[in-house]
Structures are given as C-alpha cells and as structure tokens.
Amino acid sequence: METYGKILLIAMPAFLLLVLFEKWYGWKKGKDTVRNMDMVSSLSSGVTNVTKDVIGLYLVVLSYPFLLKALAITTISNTIVVYVISFFALDFAGYWVHRLQHVTNFFWNGHIVHHSSEEFNLACALRQSVSAIVKTFAIFLLPAAILGVPPQVIGVVAPLHLFAQFWYHTQHINKMGLLEYILVTPSHHRVHHAKNPLYMDTNFCNLLNIWDRVFGTFQYEKNEVPIEYGITRKINARNFFDVYFGEIALLFRDIKNAPGIKNKMLYIVKPPGWSHTGDHKTASVIKRNLTSIQKGESDHRSIASVCYR
Ligand SMILES: [Zn+2]
Ligand SMILES: [Zn+2]
C-alpha cells in the first residue's frame, strides 16, 4: 500500500491535468466529449474510491502472500525477469477479474459505476464504485504465486499496471495500426464501454490485447456500428443513490422476490439480466436475438434499448 500511495501522489495530479487537457482539446477541435457535470461526478468517484483503498476499507478474500507461501515451487531473484513475469501474471489476472465483473451479478455491482457514464473520456477511467469492497484478485495470481514472484514486486507492478489503463479512455485517438494487435487501444476499449448488443461483454483485456483473442471475447470497432456508451438500464444520473447503489438495490429486490434458496443464490452468481422465470435478458441472449434480427434488419442499434432488468 505504501508503494501504491507513492505512485498515486504522482499519478493523480497527472490524471487531473490530462482530463482538463482533453476537455480543452475537444473544445478546440469542435468535438467536446466531456460534459462538465459528468466530469465532476467521475472525478469525485475516483477520489472516494482511492480514499477507500488507501485507508484499507476492503475485504481481501485470499491474500497473495498466503498463496505464495502455500504454492511457490521456486523463487526468482529480484531481476528484470521477475518484473516481466509479474506484468504478464497481473495482465492475465486482470482479464479474468474483469470478465468475472461482467458475467456475475455480484461482481457487476462493484464494476457498474465504471460503465455508468454515457460519455467516454479520460475522466471515466477514474469512475470506480465505492461499493466494490471484496478483493478476489489474488486468486487469479496463481501463476505468479507458483513461480514465486515476491509480493514486493507485485506491489510495484500492480499500481503501474492499473494506472496504465487510464490513457485509452478517449474518443480523440483513432485506430492505431499494428498496435491494435498488441495493446489495448482507445478503439479496443471504446467497444468495451458500448451498450450496443454487438459489443456487449467483449474486450476485457487490461493492457495486452492477447487474452480476448485467446479466450474468444475480442470484438473490433466497426465503422457501420457507431458506439453508444453506457449501460442498458436507465440510471438517474442526478440521484447519487441510484448511480452508486441502484444496481445492488435491484439485485436485493430480485433475491427477495425469488422463490426458494436455490433461485436466490443463482441471482448472485448468474450474469446481469438472468431471471428465475426463464425470461433471460443477459448479454448472450440479447446477442443471440441480434443474430436473428440482423437477418431481417440492418439496424444493429434497434434493440440497444433492451434492458438487463
Ligand atoms: Zn468493464
Ligand atoms: Zn474502462
């Protein structure tokens, strides 16, 4: 946490300057992608989340040092190799954590705030939910633990890896040629923030654009399908409670109304839009419907208003 705090001291002012620069750049180019109130909301969300992390207001289900002690089969000395391994291990873990956040109701509640803006700009990168208090990240760091990557190295690489995900939240950078095949780019991540059925639940990668291709979740940005940002549920952006806790309130409502303990539990682990009645409106069901709609119509956006809930 100490290293995280130090890196944060440099990163936060830099992020703020870049957010303001993007606002100025958009205004100058006649394409302002930053609404003032939305920016304030994103920045305040970022500050509260960072404060929560710095004071340690979260629950670690399984700590990395514990995993390391239990599983390490070797120790790597503190060289450049260990940093490279740590980077790949964190990027791999980041992919799976991010995917889990999208495909289970429980974790979606901790991630939805990042997607709740109907804008897409650098400030959105800082939108994080204060209700995300369960940290499961270490479970996905098994490869690093087996290889004996020291926690101190993870402690340095993890915040750098996290903050390096800031830059690609912008509409001002178009496709980047060969880099599109190697890194997560603004184009790649714009698709991830889209609510168009074609784009839903794709592009979970953090920095390296390889895991989506390996695990079949990659989608490129199509010029003929303009991106609509945000989530499918209509959020009252002026209502603090709705922005931060609206989704979890709906989940509680669903759990309360579901018959039997099995259905109640399923609401926690199933994807957003799952229903015990069988009338599912999950991303995969919406995509399946999209395929049949596409056969008859050309407008991909015609069912973008279909709601998860
Ligand atoms: Zn996401
Ligand atoms: Zn994002």
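Author: Start with a loop. Asp-201 is found in the loop between H8 and helix H9 (211-214). Keep in mind that this is a predicted model.

Reader: What makes the phi of Asp-201 worth a remark?

Author: The phi of Asp-201 is positive, about 55 degrees, although Asp-201 is not a glycine. Asn-203 also has a positive phi of about 55 degrees and is not a glycine. Asn-203 lies in the loop between H8 and H9.

Reader: How do you know whether Asn-203 is buried or exposed?

Author: Buried means under 20% relative accessible area. Asn-203 has 0%, so Asn-203 is buried.

Reader: Where is Arg-190, and what does Arg-190 touch?

Author: Arg-190 sits in helix H8, residues 186-192. Leaving out residues up to four places away in sequence, Arg-190 touches Phe-120, Thr-170, Gln-171, Ile-173, Asn-174, Glu-221, Ile-227 and Tyr-229.

Reader: Why does Arg-190 count as buried?

Author: The cut-off is under 20%. Arg-190 has 4% relative accessibility, so Arg-190 counts as buried. His-189 is buried too, with a relative accessible area of 3%. For His-193 the value is 3%, so His-193 is buried.

Reader: Which residues hold the zinc ion (ligand 2)?

Author: His-114, His-169, His-189 and His-193 coordinate the zinc ion (ligand 2), each through NE2, at 2.1 to 2.2 Å. Their spacing in sequence is H-x54-H-x19-H-x3-H. The zinc ion (ligand 1) is 5.7 Å from the zinc ion (ligand 2).

Reader: Why is the arrangement around the zinc ion (ligand 2) called irregular?

Author: Take the tetrahedral test. Four donors pass if all angles lie between 85 and 135 degrees. The four donor atoms here subtend angles of 93 to 157 degrees. For reference, the ideal angle for four tetrahedral donors is 109.5 degrees.

Reader: What makes H4 and H5 roughly perpendicular?

Author: Helix H4 (residues 80-103) and helix H5 (residues 105-115) pack at about 100 degrees, with axes 6 Å apart. Angles of 65 to 115 degrees count as roughly perpendicular. H4 and H5 are therefore roughly perpendicular to each other.

Reader: Which residues meet where H4 contacts H5?

Author: From H4 come His-98, Leu-100, Gln-101, His-102 and Val-103. From H5 come Asn-105, Phe-107, Trp-108, His-111 and His-115. The contact of H4 with H5 has four nonpolar residues, six polar and no charged.

Note on methods:
Residues are numbered from 1 along each chain as its sequence is written. Chains are lettered from A and ligands numbered from 1 in the order in which they are written. This is a predicted model: local features need pLDDT of at least 70, side-chain atom pairs count only at pLDDT 80 or more; totals for chains, interfaces and linings use all residues. Side-chain values use heavy atoms; hydrogens and water are left out. Donors are N, O and S atoms within 2.8 Å of the metal (3.2 Å for Na, K and Ca); water is not among the atoms, so sites may look incomplete. Four donors count as tetrahedral if all angles lie between 85 and 135 degrees; four count as square planar and six as octahedral if opposite donors are over 155 degrees apart and all others between 65 and 115; anything else is irregular. Buried means under 20% relative accessible area, exposed over 50%, partly exposed in between (1.4 Å probe, protein chains only). Helices (H or I, at least four residues) and strands (E, at least two) are DSSP runs, numbered from the N terminus. Contact means heavy atoms within 4.5 Å. Axes are lines fitted to C-alpha atoms, for helices over the stretch in contact, and angles run from 0 to 180 degrees between N-to-C directions. Angles under 35 degrees count as roughly parallel, over 145 as roughly antiparallel, 65 to 115 as roughly perpendicular and the rest as oblique. Ala, Val, Leu, Ile, Met, Phe, Trp, Tyr, Cys and Pro count as nonpolar, Asp, Glu, Lys and Arg as charged, and the others, Gly among them, as polar.
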